[in-house]
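Visitor: Could you walk me through a few spots in this one? I'd like to know the cut-offs as we go.

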Amino acid sequence: MAPNAPPLMSSNILMTKHNVDFRSRLGLRARCTDREARAGYSLLEILVVLAIIALIVAVVGPRLFTQLDRSKTKTAQLQIRSLEAALETMRLDIGRLPTTAEGLTLLVAADPATVNGWYGPYLAEKLPADPWGRPYVYEAPAASTGAATTPGADGSLQGPAGETQPKVMSYGADGTPGGDGVNADVTTTTP
């Protein structure tokens, strides 16, 4: 079509060089060519993309969850170290560790009439829960519970199994003693 040629007339359709129907009841409307009618993605292409995404999630997902479990174990170990440091500070103040019955709550609250020299709280915030939402387990060393003790090589009192330090632990993801993997008990010596 020449640049200044009059519009082409065909039965009921007025065509211009831009392929627009000016007589349409809906106003200006571009007429689709064959190529434009096929624009977009087919169902098969969408399904292939979804299959690829599902494959990636299936391969990467378990690794992410394993990393999450490892990070919870590391978090528990760091919190246990913090609790052990607070217990040592409290031991220096009151001259003893809490009994198993007193537990870790002695770090944040005590009756000054019954615990002489308590200058706590020894934690900045309340007593933390383990990463799985359960309280940490505290076991006093035998030397502070009144069990039979013997002098150690360095002169410190040791319990029947040579215990001089309290045990602070988490029972892991399952919340029961023992276990393997993410269900294993967590202490500061957990690998």
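Guide: Let me begin with patches, which are made of residues with over 30% relative accessible area and no salt bridge, where like charges are joined within 9 Å and nonpolar side chains (Val, Leu, Ile, Met, Phe, Trp, Tyr) within 5 Å. A salt bridge is a side-chain nitrogen of Lys or Arg within 4 Å of a carboxyl oxygen of Asp or Glu. This is a predicted model, in which local features need pLDDT of at least 70 and side-chain atom pairs count only at pLDDT 80 or more, while totals for chains, interfaces and linings use all residues. Residues are numbered from 1 along each chain as its sequence is written, and side-chain values use heavy atoms, with hydrogens and water left out.

Visitor: Which residues form the nonpolar patch on the surface?

Guide: Y41, L43, I46, L47, V49, L50, I53 and V57 do, with about 850 Å² of accessible area together (Shrake-Rupley method, 1.4 Å probe, and for residues only the protein chains shown count as cover).

Visitor: And S170, buried or exposed?

Guide: S170 is buried, because its relative accessible area is 1%; buried means under 20%, exposed over 50%, and partly exposed in between (1.4 Å probe, protein chains only).

Visitor: What does S170 touch?

Guide: Not counting residues up to four places away in sequence, S170 touches I80, D130, W132, Y136, D185 and V186, where contact means heavy atoms within 4.5 Å.

Visitor: How about A173, what is it in contact with?

Guide: Leaving aside neighbours within four places in sequence, A173 is in contact with W132, R134, V182 and N183. The C-alpha atoms of A173 and W132 are 6.1 Å apart, although 41 residues separate them in sequence.
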